[in-house]
Amino acid sequence: MPRGRHREFDFDAAVDAALTVFWSKGYEGTSLADLTDAIGIRRGSLYAAFGSKEALFERVLLRYSRTIAQYVEEAITAPTAHAVIARVWRGAAEATTGENAPHGCLIVHGALSCSSENDAVRSRLAEIRHSDKQRLRERFERAIAAADLPAETDPAALASYVVTVQHGIAVQARSGATRQELLAMVDLALTGIDQSV
């Protein structure tokens, strides 16, 4: 009688399960036991599949940026600077208050309070945040060149402002603010943008 086949390891499902754990508990707050329980494998199998906790986290960040945080990439392609800003802020409000997901932002909260041994993870998340801000700055520079923004606009300051509000939305979501509350705040912030750019 043929022996039963082992169920194949579902790599994508494992990354998705790990994403939820890291998003909920942060990098340092997530233990290997948390990960193996969520994925449904032994510690040795986790190492065999991903190499290390940090390597798995890197996979999770890639998945997160291509799914939950995809709104940033989509916002940058909007036709006007005002639409870019609106899409970033509304996207943040929606992404950080999902019905069946942890509230807040993995990239904002994932490693804010890490010990020195996890500096590489904290630096990686800071690098992602910096990259988003730099892409916004470049988008606003193009908007100035196209006369979509006033010539005197400081694109770096505007990009910093946009990401500061975006990250504030994530903090408020983590603290219990509802999507409706956050979207109302976004509408108010956009009124200020209308008056200044």
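This is a predicted model: local features need pLDDT of at least 70, side-chain atom pairs count only at pLDDT 80 or more; totals for chains, interfaces and linings use all residues.
## The pairing of α9 and α10

Helices α9 and α10 cross in a right-handed manner. Helix α9 covers residues 155–174 and helix α10 covers residues 179–196; their axes come within 11 Å and cross at roughly 165 degrees. Angles over 145 degrees count as roughly antiparallel, and α9 and α10 are therefore roughly antiparallel to each other.

On the α9 side, the contact is formed by Leu 158, Tyr 161, Val 165, Ile 169, Gln 172 and Ala 173, which meet Leu 182, Met 185, Val 186 and Ile 193 of α10. Sorted by class, this contact has 9 nonpolar residues, 1 polar residue and no charged residues.

## Helix α8

Helix α8 runs through residues 119–145, a total of 27 residues. At 1.5 Å a residue it should span 39 Å, and this agrees with its end C-alpha atoms, which are 39 Å apart. After α8 comes Ala 147, with a positive phi near 65 degrees.

Buried residues in α8 are Val 121, Leu 125, Ile 128, Asp 132, Leu 136, Arg 139, Phe 140, Ala 143 and Ile 144. The elements covering them include α1, α4, α5, α6, α7 and α9.

## Helix α6

How values were computed:
Residues are numbered from 1 along each chain as its sequence is written. Side-chain values use heavy atoms; hydrogens and water are left out. Axes are lines fitted to C-alpha atoms, for helices over the stretch in contact, and angles run from 0 to 180 degrees between N-to-C directions. Helices (H or I, at least four residues) and strands (E, at least two) are DSSP runs, numbered from the N terminus. Angles under 35 degrees count as roughly parallel, over 145 as roughly antiparallel, 65 to 115 as roughly perpendicular and the rest as oblique. A crossing is left-handed if the near helix is turned anticlockwise from the far one by less than a right angle, and right-handed if clockwise. Contact means heavy atoms within 4.5 Å. Ala, Val, Leu, Ile, Met, Phe, Trp, Tyr, Cys and Pro count as nonpolar, Asp, Glu, Lys and Arg as charged, and the others, Gly among them, as polar. The expected span of a helix is 1.5 Å times one less than its number of residues. Buried means under 20% relative accessible area, exposed over 50%, partly exposed in between (1.4 Å probe, protein chains only).
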